[in-house]
Amino acid sequence: MKLTILGSGTLYPKKDRKPAAFLLKTESAKFLLDCGFGTIARLVEMQIDPREISGIFISHFHTDHFADAFSLIHSRFVADLYEEKKEHRKIPFWGPRGTEERYKNWRKIFWPEPAEAYLLEFNENTGEFGFEDMIIRTFVVRHVPYFESVGIRIESAGKVLIYPGDIGSNTDLREMVEISRNADLLLIEPGSEKPTPNHFTIEQTQKLSGAANVKKTVFIHIRPNDEDRVRKFVEGSDKFEMGKRPASRQSRNPDFILIFWIPAWGGNDKSGVSQFKIIFKQTPRSALDID
Ligand SMILES: [Zn+2]
Ligand SMILES: [Zn+2]
């Protein structure tokens, strides 16, 4: 599996950090994990045809995770028209309860042409699903009380990725540890300085990835004013050995995204001595290998 981070930011985008969207490529699928506003443009910028997306996961209904999800269907519908008689390929959605109802409401507002149709499939119940070469498992996540939020575990070719979306501090950590056990990649937010019902703290991400023996942790959903807090936490801990750092945070590349990538957070080597490495990786166009 390869993961491209299209957006590692939040509701207030910056030039170099857009709302949440992640493209997971497996042998046979191109799967979107969240589709915040701006995602269609990000795909096109990265020369990925939105018609190649084979499935979409929506963690919850905040616009930084969801706003482009249905517009993407409309884009595809129009793009299919440009290529005469091209068939619309069905798109499955995985999302919280209420996703289909929201789609119907969205149609009334943004795409009112009744004769135009696109075949969609909505999987709103949590559980396990086979799709292409993936085993998808969805689970309920605590985030806000106004709608359901779900997270996802994806297994493909023996590798496992976990993405809970936005996740509140009152989440049952034991459950998350079970879900995340021995995962190869955990995409998680260190969003909150103090425990809140809506977002995880950075200490919780550390506890989770350590207890679940996660191989690689990537911090996402970084608020602009939080980059330094996250960096200080990671750098300030004497448990950590520094890895590579970017030569400069100021990049000419407009797609520059600073992510915090922590391999084996909490793992032990054979001598029993903890080994930690931190790599601040600039990824924009390059995809992250899940290995
Ligand atoms: Zn968010
Ligand atoms: Zn949210």
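So, V144 sits in the loop between strand 8 and strand 9 (149-156). Helices here (H or I, at least four residues) and strands (E, at least two) are DSSP runs, numbered from the N terminus. V144 has 15 C-beta neighbours inside 10 Å, so V144 counts as partly exposed. The cut-offs: with C-beta atoms placed from the backbone, a residue is buried if 20 or more other C-beta atoms lie within 10 Å of its own, exposed if 12 or fewer, and partly exposed in between. Between the C-alpha atoms of V144 and D166 there are 9.1 Å, and along the chain the two are 22 residues apart.

Quick caveat: this is a predicted model, where local features need pLDDT of at least 70 and side-chain atom pairs count only at pLDDT 80 or more, while totals for chains, interfaces and linings use all residues. Residues are numbered from 1 along each chain as its sequence is written, and chains are lettered from A and ligands numbered from 1 in the order in which they are written.

On to G165, in the loop between strand 10 (159-163) and helix 5. Buried or exposed? G165 is buried, with 26 other C-beta atoms within 10 Å. If you ignore neighbours within four places in sequence, the contacts of G165 are D34, S59, H60, H65, V141, H143, S149 and G151; contact means that the C-beta atoms of two residues, placed from the backbone, lie within 7 Å.

Now the helix pair. Helix 5 (residues 173-180) packs against helix 6 (residues 202-211) at about 45°, axes 9 Å apart. Those axes are lines fitted to C-alpha atoms, for helices over the stretch in contact, and angles run from 0 to 180 degrees between N-to-C directions. The two helices are therefore oblique to each other (under 35 degrees is roughly parallel, over 145 roughly antiparallel, 65 to 115 roughly perpendicular, and the rest oblique). Helix 5 brings L173, M176, V177 and S180 to the contact, and helix 6 brings Q204, K207, L208 and A211. Remember that an α-helix has 3.6 residues a turn, so residues three or four places apart point the same way.

What about helix 4 (residues 99-110)? Its 12 residues should span 16 Å at 1.5 Å a residue, and the end C-alpha atoms are 16 Å apart, which agrees; the expected span is 1.5 Å times one less than the number of residues. The number buried in helix 4 is 1 of 12, so it lies largely in the open. W111 is in the loop between helix 4 and strand 6 (120-123), and W111 is partly exposed, with 16 C-beta neighbours inside 10 Å.

Most residues other than glycine have a negative phi. E132, not a glycine, has a positive phi of about 50°, and H221 has one near 55°. E132 is in the loop between strand 7 (128-131) and strand 8 (134-141), while H221 is in the loop between strand 12 (216-219) and helix 7 (227-236). E132 is partly exposed, with 15 other C-beta atoms within 10 Å, whereas H221 is buried, with 27.
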